[in-house]
Amino acid sequence: MVFLSTSYLASALSLFTAAQGVLTQVNNFGSNPAGIEMYIDVPNNVAANAPIIVALHGCHGSAQGYYQGNNLATVAKQRGAIMIYPSSTHDLLCWDCGTRRSLIRDGGGDPQSIVQMVQYIINRYNADASRVFVVGTSSGAMMGNVLAAVYPDVFAATSVYSGVAAGRMAVPDGVPPNPYDPCGLGHIIRSPQDWGNTVRGYNPGYTGSYPRMQIWHGTADTTVVYQNFIEDLKEWSNVHGVSFTRNVTNSPQSGYTQMIYGDGQRLTGYSARGVGHTVPVYVSQALNFFGL
Ligand SMILES: *[C@@H]1O[C@H](CO)[C@@H](O)[C@H](O)[C@H]1NC(C)=O
């Protein structure tokens with residue numbers, strides 16, 4: 001019995017390893033003020049000027065768990081990308097998307113540590129600083145929005161699932177970040193201009209471009225309610241100066257509606273009818289949006 005279950009486990013493990021491999025931890029990637037962990041998956045014989053994808057897990061998650069949860073890394077590596085999987089060490093294993101540390105440049109929060117990971121990979125592998133992307137789910141999608149807003153010069157595009165607008169989680173100084181209240185049950189309705197001002201306020205005087213945003217959300221999400229998606233679209237439509245153009249129904253699959261802003265290159269939403277929390281990562285839609 002023991003022998004059987006051990007050999008079963010060994011064969012399951014080797015099958016699994018063949019499919020996706022195991023992440024490698026990187027220590028000493030920078031001062032890491034937030035004290036989070038860095039894991040990577042690098043293509044064999046990685047070329048110079050490789051693109052980079054930062055993949056961010058949700059609350060209660062981990063780098064390894066997110067890595068195993070879909071085939072993003074496998075497909076992205078085939079297209080030459082270096083994968084960075086940060087792993088939270090905070091309470092509930094969420095990302096801090098709400099304190100001032102995270103909502104100013106180099107404020108000592110998770111965004112600064114994540115940008116240090118990106119810089120480390122650019123230096124070590126001579127990677128392409130103009131092709132750094134973010135994929136994130138739930139709390140990871142919230143952090144994707146924050147990274148896009150606080151470090152618009154570092155990131156080129158995001159594909160984010162079931163998150164909230166940058167600034168949505170902001171808490172007053174001295175209040176610890178609380179990932180579930182008011183995030184989970186409620187929402188904050190603001191004008192597009194208000195949201196845009198919030199984003200622009202993180203980089204006063206910045207005149208460069210902002211990351212292109214692909215934003216996904218389920219209509220039946222009871223953890224991060226659907227209105228947060230509407231607010232997220234308002235935010236980036238204002239930042240990018242693009243307005244809603246048209247819907248494409250049943251894209252990429254039945255029940256999903258692709259919401260195109262402008263020509264769809266700078267902002268696209270995907271509304272997933274009847275889908276809860278969490279929308280799965282749509283790997284080919286994400287990579288195509290990134291131009292990979
Ligand atoms: C576009 O699709 C969204 C999501 O299904 C829907 O809420 C919105 O009303 C649609 N807009 C138009 C103009 O059809």
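Which residues of α7 are buried? They are Asn228, Phe229, Glu231, Asp232, Leu233, Lys234, Glu235, Trp236, Ser237, Asn238, Val239 and His240. Buried here means under 20% relative accessible area, with exposed over 50% and partly exposed in between (1.4 Å probe, protein chains only).

## The model

This is a predicted model, where local features need pLDDT of at least 70, side-chain atom pairs count only at pLDDT 80 or more, and totals for chains, interfaces and linings use all residues. Residues are numbered from 1 along each chain as its sequence is written, and side-chain values use heavy atoms, with hydrogens and water left out.

On pLDDT (the predictor's confidence in each residue, from 0 to 100), the protein chain averages 91, and 90% of the residues score at least 70. Residues 1-18 are another story: pLDDT stays under 50 there, and the model gives them 2 contacts (heavy atoms within 4.5 Å) beyond four places in sequence.

## Helix α7

Back to α7, residues 227-240. Helices (H or I, at least four residues) and strands (E, at least two) are DSSP runs, numbered from the N terminus. This one is mostly covered, with 12 of its 14 residues buried. Those buried residues pack against α5 (139-150), α6 (192-201), β7, β9 and β10.

The expected span is 1.5 Å times one less than the number of residues.

## Aromatic pairs around Trp216

The whole structure holds 12 aromatic pairs. Rings of Phe, Tyr and Trp (its six-membered ring) pair if their centres lie within 6.5 Å; planes under 30 degrees apart count as stacked, over 60 as edge-to-face and the rest as tilted. Tryptophan 216 and tyrosine 256 are edge-to-face, because their centres are 6.2 Å apart and their planes at 65°. That pair links strand β7 (residues 212-218) to strand β9 (residues 256-261), 40 residues apart, and both partners are buried.

Tryptophan 216 also stacks with tyrosine 282, at 4.7 Å centre to centre and 5° between the planes. Tyrosine 282 sits in the loop between β10 (267-272) and α8 (283-290), so this pair ties together parts 66 residues apart in sequence. Tyrosine 282 is buried as well. Tyr161, Trp216, Tyr256, Tyr270 and Tyr282 make up one aromatic cluster.

## Charges over rings

A charge sits over a ring if NZ of Lys or CZ of Arg is within 6 Å of the ring centre and within 35 degrees of the ring normal. Arginine 190 does this with tryptophan 195, at 4.3 Å from the ring centre. Arginine 212 has its charged end over the ring of phenylalanine 289, 4.5 Å from the centre.
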